[in-house]
Amino acid sequence: MKEIFYTISDEVFSSFPGYVRGVVVGRGLENGPSPEVLTAMLRDAESSLRERMGTTNPAEHPRIASWREAFRKTGVKPAEFRSSIEAMTRRVVKGQELPSINALVDIGNVLSLRHLVPTGGHSLDDVKDDIALRPADGEEVFVPFGETEEEHPLPGEFIFVEGNTVLTRRWSWRQANHTLTLPETKSIEFNVDGLPPVERDEVEKICCELEELVKRFCGGTFRREILCASNPRMSLS
C-alpha cells in the first residue's frame, strides 16, 4: 500500500508563523443521518452563538477578523470571498438553521460554531495521492461543490489539494465535489484551523473534543497530530 503524506508548505508558515492546523484522522467509521441528540447539539450551538455575538458585526469578532486579514494578505477580498467560519456565523446570526447533513458533517459544524474555529472534514475513501495546503500554480483543477464546470485557482492562492486536484480553494473558502463527506464515508480527516488569537493548546483541545464526538456517534479508530512550522508533515497511512 502506497504511503500517503499530508504537508503544509513553508510558504504558508512564512506568511503566517502562528498558524497551526490540527488533523484528526478517523478510520472504520459508520456515518449516516444524525440522531436527534446530535441535531439538538447543532441547534444548541447555533443558539449559543447568537447569544454570544449579540449585536456584534461578525466581521469584527477577533476570530473572524483574523481570517479576513489573512485573506487580504493572500490577495483575497474578504468581503467578496468569506471564510467558511464567517459565512457560517453570518448565516446563524441572521436566525437561519444549518441543515443536518450527516453525523460527520454535523459534528464539524457543531465545533465550528462552539469555538468559532474552522473545523471541517474530507473523506479519505478515494484519496490516492499526497495532500497538501500550499500556494497554487494556477494549473490545478477545481470543481466546486454542487457544480460540474472545472475552474482553476489563481497563482499564489492558498489551496488544499490532492495531487493536482483542488479540495478547497482560498484556504478555507469553498470545498470541491471531490472528498465530500457522504453518509457512506468510512474514513475521514478533519482539519481544525488555528490563526492567532486561537493558539495551539485550544486547537489540541478541539481535536480531542472532535475525536470524542466522532467516536460517540460513528465509532472508529483515530489518530491526531498538530501541523505547524516545526512539524509541517505527517503520514496518513
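**Exercise 1.** Is arginine 169 buried or exposed, judged by its relative accessibility? Characterise also its salt bridge with glutamate 151.

*Solution.* The model is predicted.
Step 1: buried means under 20% relative accessible area. Arginine 169 has 5% relative accessibility and therefore counts as buried.
Step 2: glutamate 151, at 24% relative accessibility, counts as partly exposed.
Step 3: the closest N and O atoms of glutamate 151 and arginine 169 are 2.5 Å apart.
Step 4: glutamate 151 belongs to the loop between strand S4 (131-135) and strand S5 (158-162), whereas arginine 169 belongs to strand S6 (residues 165-169), so the bridge ties together parts that are 18 residues apart in sequence.

**Exercise 2.** Where do glutamate 211 and lysine 215 lie, and what is the N to O distance of their salt bridge?

*Solution.* 
Step 1: helix H6 (residues 200-218) holds both glutamate 211 and lysine 215.
Step 2: they are four residues apart, about one turn of the helix.
Step 3: the N to O distance is 3.9 Å; a salt bridge requires a distance within 4 Å.
Step 4: glutamate 211 is buried, with a relative accessible area of 13%, while lysine 215 is partly exposed, with 43%.
In total, the structure holds 19 salt bridges; Arg68, Arg82, Glu86 and Arg90 are linked in a network of them.

**Exercise 3.** Which geometry class describes the aromatic pair of phenylalanine 13 and tyrosine 19, and which describes tryptophan 67 and phenylalanine 71?

*Solution.* 
Step 1: the structure has nine aromatic pairs. For phenylalanine 13 and tyrosine 19, the ring centres are 6.1 Å apart and the planes stand at 35°, so the pair is tilted.
Step 2: tryptophan 67 and phenylalanine 71 have ring centres 6.5 Å apart and planes at 90°, an edge-to-face pair.
Step 3: tryptophan 67 and phenylalanine 71 are four residues apart in helix H3 (residues 62-73), and therefore separated by about one helical turn.
Step 4: phenylalanine 13 and tyrosine 19 are both buried, and so are tryptophan 67 and phenylalanine 71.

**Exercise 4.** How many residues line the largest pocket, and how do they divide into nonpolar, polar and charged?

*Solution.* 
Step 1: the largest pocket contains about 1100 Å³ of space.
Step 2: its lining consists of 36 residues, with Ser84, Met88, Val105, Asn109 and Gln175 nearest the centre.
Step 3: elements giving two or more residues to this lining include helix H4 (84-93) and helix H5 (103-115).
Step 4: the lining comprises 17 nonpolar, 14 polar and five charged residues.

How values were computed:
Residues are numbered from 1 along each chain as its sequence is written. This is a predicted model: local features need pLDDT of at least 70, side-chain atom pairs count only at pLDDT 80 or more; totals for chains, interfaces and linings use all residues. Side-chain values use heavy atoms; hydrogens and water are left out. On a 1 Å grid over the protein atoms alone, a cavity is a set of points where a 1.4 Å probe fits but cannot get out, and a pocket is an open set with protein on both sides within 12 Å along at least five of seven lines; lining residues have an atom within 4 Å of a point. Grid points are joined across faces, edges and corners, and a volume is the space filled by probe spheres set on the points. Ala, Val, Leu, Ile, Met, Phe, Trp, Tyr, Cys and Pro count as nonpolar, Asp, Glu, Lys and Arg as charged, and the others, Gly among them, as polar. Rings of Phe, Tyr and Trp (its six-membered ring) pair if their centres lie within 6.5 Å; planes under 30 degrees apart count as stacked, over 60 as edge-to-face and the rest as tilted. Buried means under 20% relative accessible area, exposed over 50%, partly exposed in between (1.4 Å probe, protein chains only). A salt bridge is a side-chain nitrogen of Lys or Arg within 4 Å of a carboxyl oxygen of Asp or Glu.
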